[in-house]
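These are my notebook entries on a structure that I looked up.

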Amino acid sequence: MDQATALLKGAVPSGNVFEATVERLGQSVKLGLFAPGEQLPTERDLAGLIGVSRTTVRSAIQVLVMGGFLVVKRGRGGGTFVAERLPPQKRSRRGALGPRSLGDVEDLLDRRFVLECGIAELAAERATKDQVISLRDLTFRMCSTLGDLDAYRRIDGQFHIALAQATGSAGLTSAMADMQASMSDLIALIPRSEDALTHSNEQHARIIAAIARHDATSARREMKQHVEGTAKFLRGLLPKG
């Protein structure tokens with residue numbers, strides 16, 4: 001428990017509190033700091049250790065339950081427990097995502113960071129009013145599809161490609177389309193969570209607000225938080241390398 005405490009403690013990035021909580025809890029389980037079948041501390045204690053609200057801890061636990069890492073038992077003697085058997089190695093549609101490919105995943109996340117943040121900055125400088133309206137429409141459509149994960153993710157991809165189109169660069173638009181295709185298998189490994197989708201769309205709205213103000217610095221900062229949030233989810237859920 002001392003090692004788990006050390007991993008869970010520490011300042012949580014203000015823009016990605018939810019994702020960072022999933023990451024820390026997920027890594028604690030995958031690293032064996034909580035043994036299979038072991039009961040986790042209470043939500044209150046976890047919240048105190050991580051420095052977040054109990055609501056955030058509860059939402060993070062739900063994600064990890066859906067991912068097969070944790071089990072919640074009700075009634076007398078209940079609580080949150082590590083699954084007796086952790087989920088098998090995650091697989092994408094293209095095959096196994098084994099330890100040898102985890103370095104490639106990190107490289108992909110780095111490339112996504114550079115591409116998305118640069119595009120958000122340029123879009124803030126160049127987007128037209130009509131393009132801002134189109135981006136807002138896409139976020140509204142995502143709000144209406146929180147219960148349909150496949151539909152949400154399709155529109156999410158369209159949103160990021162529309163951001164690239166707002167730069168006026170055909171090359172960046174093509175690069176973004178390729179990036180969305182590369183990320184799709186990884187994103188599919190994140191369990192469905194309306195809390196996660198809602199939080200992601202709130203970040204979309206902040207990105208658009210910065211673009212509408214032509215505030216390139218804020219657009220880059222908001223996109224940085226957005227892509228780092230996805231990376232934290234993946235690091236919390238993918239097999240350890």
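Entry 1, cysteines. I note at the outset that the model is predicted. I then searched the whole structure for disulfides, and the search returned 0.

I located His160 in helix H7, which spans residues 149-165. Is His160 buried or exposed? Its relative accessible area is 0%, and I therefore record His160 as buried. Leaving out residues up to four places away in sequence, I list as its contacts Arg112, Glu116, Met176, Gln180, His204, Met223 and His226.

I took helix H9 as residues 194-212 and helix H10 as residues 216-237. How do their axes cross? The axes come within 8 Å, at a crossing angle of roughly 160°. Angles over 145 degrees count as roughly antiparallel, and H9 and H10 are therefore roughly antiparallel to each other. I record the crossing as left-handed. On the H9 side, the contact is made by Ala196, Ser200, Gln203, His204, Arg206, Ile207, Ala210 and Ile211. H10 contributes Ser218, Ala219, Glu222, Met223, Gln225, His226 and Phe233. Sorted by class, this contact of H9 with H10 holds 7 nonpolar, 6 polar and 2 charged residues.

I compared the two contact lists. His204 of H9, and Met223 and His226 of H10, take part in the helix contact, and His160 touches His204, Met223 and His226 as well.

Terms used. Residues are numbered from 1 along each chain as its sequence is written. This is a predicted model: local features need pLDDT of at least 70, side-chain atom pairs count only at pLDDT 80 or more; totals for chains, interfaces and linings use all residues. Side-chain values use heavy atoms; hydrogens and water are left out. Axes are lines fitted to C-alpha atoms, for helices over the stretch in contact, and angles run from 0 to 180 degrees between N-to-C directions. Helices (H or I, at least four residues) and strands (E, at least two) are DSSP runs, numbered from the N terminus. Angles under 35 degrees count as roughly parallel, over 145 as roughly antiparallel, 65 to 115 as roughly perpendicular and the rest as oblique. A crossing is left-handed if the near helix is turned anticlockwise from the far one by less than a right angle, and right-handed if clockwise. Contact means heavy atoms within 4.5 Å. Ala, Val, Leu, Ile, Met, Phe, Trp, Tyr, Cys and Pro count as nonpolar, Asp, Glu, Lys and Arg as charged, and the others, Gly among them, as polar. A disulfide is a pair of cysteine sulfur atoms within 2.5 Å. Buried means under 20% relative accessible area, exposed over 50%, partly exposed in between (1.4 Å probe, protein chains only).
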